[in-house]
Amino acid sequence: MNANANFITDSIGYGAWAGSLANRYVNLIQAATTKVILSTSGSGDYSQQWLNKIANMKFLNAKYNLLGTLNDYRFGVSEATFQANYISFCNQLRSVRRKIVHLIPPASNTVNCSPVETFVMNEASFTNDTKINLFTVTRNGGATTINPSLDSGDGEHYNAAGHLVIKNEIVNVLPDII
């Protein structure tokens, strides 16, 4: 399958608590284009699960592979393991000439996104990759927590307004997605 983009994320990309599937940012992007947009995100996905399905990700032949998750931190996976898994996943996608877009995860009230932001922005093997910082556009001012107007109420997931902010930032940084 040839897709323009494949979102490989977690419950936020999956659209949990967006109000409806039509409100999740992946569907908002799909609604703005005739290009094929996929989401292979799962509600509890984390980096090891991504590695477990790498063959499928290569087969999908997406032009852009948009990656982002905080679940490793939520589930107690060490930072070193997360980083090694993430780098391995990216390298395997690159081995079949896939473009990587790093989605620095949106703000959370339960997990600090700063270590993921620092890792993605400073990892040498990511130098030529596009990076979309969803953390800065969804946080509450200078804090590391979710802007309350975007919070679904659980401190982790986004309401429809939050998904719209995320969609707009993705399209702003990567206009070729639509």
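Helix α6 (79-94) has 16 residues and reaches 22 Å from its first C-alpha to its last, close to the 22 Å expected at 1.5 Å a residue, where the expected span is 1.5 Å times one less than the number of residues. This is a predicted model, in which local features need pLDDT of at least 70 and side-chain atom pairs count only at pLDDT 80 or more, while totals for chains, interfaces and linings use all residues. Residues are numbered from 1 along each chain as its sequence is written, and side-chain values use heavy atoms, with hydrogens and water left out.

**Helix α6**
- Helices are DSSP runs of H or I with at least four residues, strands are runs of E with at least two, and both are numbered from the N terminus.
- In α6, the residues F82, N85, Y86, F89, C90 and L93 are buried, a term that stands for under 20% relative accessible area, with exposed meaning over 50% and partly exposed in between (1.4 Å probe, protein chains only).
- They cover an arc of only 130° around the axis, which puts them on the same side of α6; the arc is that of the directions from the helix axis to the C-beta atoms.

- Strand β1 (residues 5-8) and β3 pair in the parallel sense over 4 bridges, pairing being counted if DSSP finds at least two bridges between two strands.
- Within this pairing, N6 stands opposite N65 in β3, and I8 stands opposite L67 in β3.
- β1 is also joined by 3 bridges to strand β2 (residues 37-39), and these two run parallel, with N6 standing opposite L38 in β2.
- β3 pairs in the parallel sense with β4 as well, over 4 bridges, and here K99 in β4 is the bridge partner of Y64.

**Largest cavity**
- The structure holds 1 cavity of 30 Å³ or more, a cavity being a set of points, on a 1 Å grid over the protein atoms alone, where a 1.4 Å probe fits but cannot get out.
- About 60 Å³ of space lies in the largest cavity, with grid points joined across faces, edges and corners and the volume taken as the space filled by probe spheres set on the points.
- Its lining, made up of residues with an atom within 4 Å of a point, consists of T9, D10, I12, G13, Y25, G68, T69, L103, P105, P106 and L134.
- These lining residues divide into 6 nonpolar, 4 polar and 1 charged, where Ala, Val, Leu, Ile, Met, Phe, Trp, Tyr, Cys and Pro count as nonpolar, Asp, Glu, Lys and Arg as charged, and the others, Gly among them, as polar.

**Loop residues**
- Most residues other than glycine have a negative phi.
- W17, in the loop between α1 (11-14) and α2 (25-31), has a positive phi near 70°.
- R97, in the loop between α6 and β4 (99-104), has a positive phi near 60°, and R97 is exposed with a relative accessible area of 76%.
- N147 lies in the loop between α8 (134-138) and α9 (160-173) and counts as partly exposed at 23% relative accessibility.
- N147 and A107 are 40 residues apart in sequence and 8.0 Å apart in space, C-alpha to C-alpha.

Notes
1 Å grid on protein atoms, 1.4 Å probe; cavity = no way out; pocket = protein on both sides within 12 Å on 5 of 7 lines; lining within 4 Å.
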